[in-house]
Amino acid sequence: MPSLNITFTDEELEAVRAAAAAEGKSLKQYVHDLPLREQQRLQFVRYAVSWGESHRAEFDDAFPDEAPPTSRHQGADAA
């Protein structure tokens, strides 16, 4: 099975150890799970932005005083 050596400063490693302990995981399991969690987070954000954009007109109709000016950037362009 492939493996990976990752170099941390002492302070970084202590922070990662503390985060792993806070989740009740071993350091190895915590570091293994990080890229998987990030992938899931990005997938969620992409879906949420897409959903928001597809329902923008409904929101604007329901809350006309809350609709942003049309000159503002929308969705991913705003970031």
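**View 1. Residues lining the largest pocket of the predicted model.** The largest pocket is lined by Met 1, Pro 2, Ser 3, Leu 4, Ile 6, Phe 8, Leu 27, Lys 28, Gln 29, Val 31, His 32 and Pro 35. A pocket is an open set of points on a 1 Å grid over the protein atoms alone, where a 1.4 Å probe fits, with protein on both sides within 12 Å along at least five of seven lines; lining residues have an atom within 4 Å of a point. The lining comprises eight nonpolar, three polar and one charged residue, and the pocket volume is about 400 Å³. This is a predicted model, in which local features need pLDDT of at least 70 and side-chain atom pairs pLDDT 80 or more, whereas totals for chains, interfaces and linings use all residues. Residues are numbered from 1 along each chain, and side-chain values use heavy atoms, without hydrogens and water.

**View 2. Helix H2 and its kink.** H2 covers residues 27–54, 28 residues in total, and reaches 41 Å from its first C-alpha to its last, close to the 40 Å expected at 1.5 Å a residue (1.5 Å times one less than the number of residues). At Leu 34, shortly before Pro 35, H2 has a kink of about 30°, taken as the angle between axes fitted to the seven residues ending there and the seven starting there.

**View 3. The aromatic pair.** One aromatic pair is counted, with ring centres required to lie within 6.5 Å. Phe 59 and Phe 63 form this tilted pair, 4.9 Å centre to centre with 40° between the planes; planes under 30 degrees apart would count as stacked and over 60 as edge-to-face.

Conventions:
Points joined across faces, edges and corners; volume = space filled by probe spheres on them. Nonpolar A, V, L, I, M, F, W, Y, C, P; charged D, E, K, R; others polar. Helix = DSSP H or I, 4+ residues; strand = E, 2+ residues; numbered from the N terminus. Phe/Tyr/Trp six-rings, centres within 6.5 Å; stacked < 30°, edge-to-face > 60°.
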